[in-house]
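Dear colleague,

Please find the structure below, followed by a short account of what was found in it.

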Amino acid sequence: MKKISVVIPALNEEQGIGAVIQQIPTEKLRAAGYETEVLVIDNGSTDRTGEIARQAGARVIVQPVRGYGNAYKAGFANATGDIIATGDADMTYPFDALPGILDRMERDDLDFINTDRLSMLNPEAMSQWHLFGNRFLTTLARWLYNWPYKDSQSGMWVFKRSIWPQLEVRSQGMPFSQELKLEAYLKGFRNAELPIEYRVRAGEVKLSSIGDPIRTTSQLFVKRIRSVRPRRKVRELAKVAD
């Protein structure tokens, strides 16, 4: 039997974390041939997030160094599944869709599946400002990298754990999400994107309306510059050899 690790970062998410864990369809996944482990990465919570997660059956990993990317890196380091699936602790992502996503992954022999929240978006689940930011960042990623998909900021991804060591993901905060997707695409792994239902959030919004978009936009340009430099060095060395 294969194994899937569901990795969920959480910072003060006591309102949603229990329901999120209960939503993971462990019986359907078992029927599809997958044992399930659930890892909740407590990123410095001051409420009952960790306690509730343990009571719900999750393994709680404490990552005291704040940051969305730092939480995920701790989760991936502790995951033991053949497949890693991710999503937030605020009830916005449909973990009950995992059997269908895994079926698509196996059927098409995919390495990485991104999810698209924007094609079927419930207007109540995302403010107009955040929708604009998501579309802007996705358009920028497509322009800079020829990235072919519709949602560069979605927080739900399913991928083979074996590809993680081959991805150079430096981001420690919110830009981690887009950098992971770009790396999976740029490294030539078999990618796809599936539309999902994005749901209304439980609890307080953690995303900064100004700081996170600025950092995420900057990361796109910084990564682009880094990706160009090695090719320039190769061309310069070729000229010297000639």
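**Findings**

Phe 132 counts as exposed because its relative accessibility is 51%; exposed means over 50% relative accessible area, buried under 20% and partly exposed in between (1.4 Å probe, protein chains only). This is a predicted model, in which local features need pLDDT of at least 70, side-chain atom pairs count only at pLDDT 80 or more, and totals for chains, interfaces and linings use all residues. Residues are numbered from 1 along each chain as its sequence is written, and side-chain values use heavy atoms, with hydrogens and water left out.

Phe 132 belongs to helix α6 (residues 128–145); helices (H or I, at least four residues) and strands (E, at least two) are DSSP runs, numbered from the N terminus.

Gln 153, by contrast, is buried, at a relative accessible area of 13%. Gln 153 sits in the loop between α6 and β6 (157–160). Its side chain makes a polar contact of 2.9 Å with that of Gln 178 (a pair of N or O atoms within 3.5 Å; within protein, one must be able to donate a hydrogen and the other to accept it, and residues adjacent in sequence count only if both atoms are side-chain atoms).

The largest nonpolar core has 37 residues, and Ile 8 and Phe 95 are among those with the most contacts inside it. Such a core is a set of buried Ala, Val, Leu, Ile, Met, Phe, Trp, Tyr and Cys residues joined through side-chain atoms within 4.5 Å. A second, separate core of 22 residues includes Trp 157 and Phe 176.

With kind regards
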